[in-house]
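I opened this entry to note a few things looked up in one structure. The notes go by topic.

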Amino acid sequence: MTDRERFIDIYTKNITREGSDKLLEWLEGSDFFTAPASTRYHGAEEGGLLRHSLGVYDCLTALLDMRGERSKWSEETIAVSALLHDICKVNFYRIGYRNVKENGGWVRKEVYEIDEKFPCGHGEKSVIILQNFIRLTPDEILSIRGHMGGFDTSVKGGDFMISRIFERCPLAVLLHMADMEASYLDEERA
Ligand SMILES: [Fe+2]
Ligand SMILES: [Fe+2]
């Protein structure tokens with residue numbers, strides 16, 4: 001099974017609420033299945049975003065199983081939160097070029113660059129895009145909004161919102177942990 005087939009399999013088995021078919025159609029018409037997950041950190045290669053999304057799903061379900069808490073949330077909520085938390089990165093990267101020194105000479109290399117066309121944050125942008133297609137539950141909104149944890153840019157500005165989210169939404173904490181595990185422990189560094 002390819003990553004694409006696996007994503008569609010988990011998606012269609014678990015995400016069935018109104019609008020989910022339109023959301024999948026939109027994803028299939030976008031670069032979601034080929035985009036990288038970042039320009040130079042984790043998953044900076046073709047298909048990196050798809051691999052990362054599946055990786056976070058695997059880490060989140062393993063964490064929930066380990067803690068005996070899988071039944072606390074619906075399988076649909078688990079799939080929505082994990083598979084779609086970084087949907088803000090759809091149509092977000094473009095191919096650029098950089099000159100790099102190799103064996104004493106300069107060579108032109110293809111690199112991914114950020115090309116943000118709808119700048120309205122990271123977790124919040126994922127929530128906004130998803131809400132255009134499906135109605136999210138409060139736990140899904142809070143976990144996707146807060147999934148960056150202490151790395152969220154609002155933290156630098158002194159905002160305590162992420163702490164408030166973590167205090168009232170355990171799924172947000174677990175999604176953040178799964179995101180960290182998939183990004184920093186499992187994915188290859190570029
Ligand atoms: Fe993210
Ligand atoms: Fe992520």
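**Helices α5 and α6.** I began with this pair, whose axes come within 7 Å and cross at roughly 145°. The model is predicted. On the α5 side I listed G123, E124, S126 and V127 as making the contact, and on the α6 side I141, I144 and R145. Sorted by class, the contact of α5 with α6 has three nonpolar, two polar and two charged residues.

**L136.** Next I looked at the loop between α5 and α6, where L136 lies. Is L136 buried or exposed? I counted 21 other C-beta atoms within 10 Å of L136. The cut-off for buried is 20 or more, so L136 is buried. Leaving out residues up to four places away in sequence, L136 touches V127, L130, Q131 and I141. Of these, V127 and I141 also belong to the contact of α5 with α6. I also took the separation of L136 from A178: 42 residues in sequence, and 20 Å in space from C-alpha to C-alpha.

For background, nonpolar side chains tend to be buried together in soluble globular proteins.

I then took L60 by itself. Not counting residues up to four places away in sequence, L60 touches I78, A82, L174, L175 and A178.

**Helices α3 and α9.** I looked up how this pair packs: the angle is about 125°, and the axes are 8 Å apart. That angle makes α3 oblique to α9. The crossing of the two helices is right-handed. From α3, the contact is made by H52, G55, V56, C59, L60, L63 and L64. From α9, I listed L174, L175, M177, A178, D179, E181, A182, S183 and D186. Divided by class, the residues of this contact are ten nonpolar, three polar and three charged.

**W106.** W106 has its place in strand β2. With neighbours within four places in sequence left aside, W106 is in contact with N99 and K101.

**Positive phi.** Last, I looked at backbone angles. Most residues other than glycine have a negative phi. N91 has a positive phi of about 55° although it is not a glycine. I placed N91 in the loop between α4 and β1 (93–102). How many other C-beta atoms lie within 10 Å of N91? I found 14, so N91 is partly exposed.

N103 is also not a glycine, and its phi is positive at about 50°. Where is N103? I found N103 in the loop between β1 and β2 (105–114). N103 has 5 other C-beta atoms within 10 Å and is therefore exposed.

Note on methods: Residues numbered from 1 in each chain as written. Chains lettered and ligands numbered in written order. Predicted model: local features only at pLDDT ≥ 70, side-chain atom pairs only at ≥ 80, totals over all residues. Contact = placed C-beta atoms within 7 Å. Axes fitted to C-alpha atoms, helices over the stretch in contact; angles between N-to-C directions. Helix = DSSP H or I, 4+ residues; strand = E, 2+ residues; numbered from the N terminus. Parallel < 35°, antiparallel > 145°, perpendicular 65-115°, else oblique. Left-handed = near helix turned anticlockwise from the far one by under 90°. Nonpolar A, V, L, I, M, F, W, Y, C, P; charged D, E, K, R; others polar. Buried ≥ 20, exposed ≤ 12 C-beta atoms within 10 Å, placed from the backbone.
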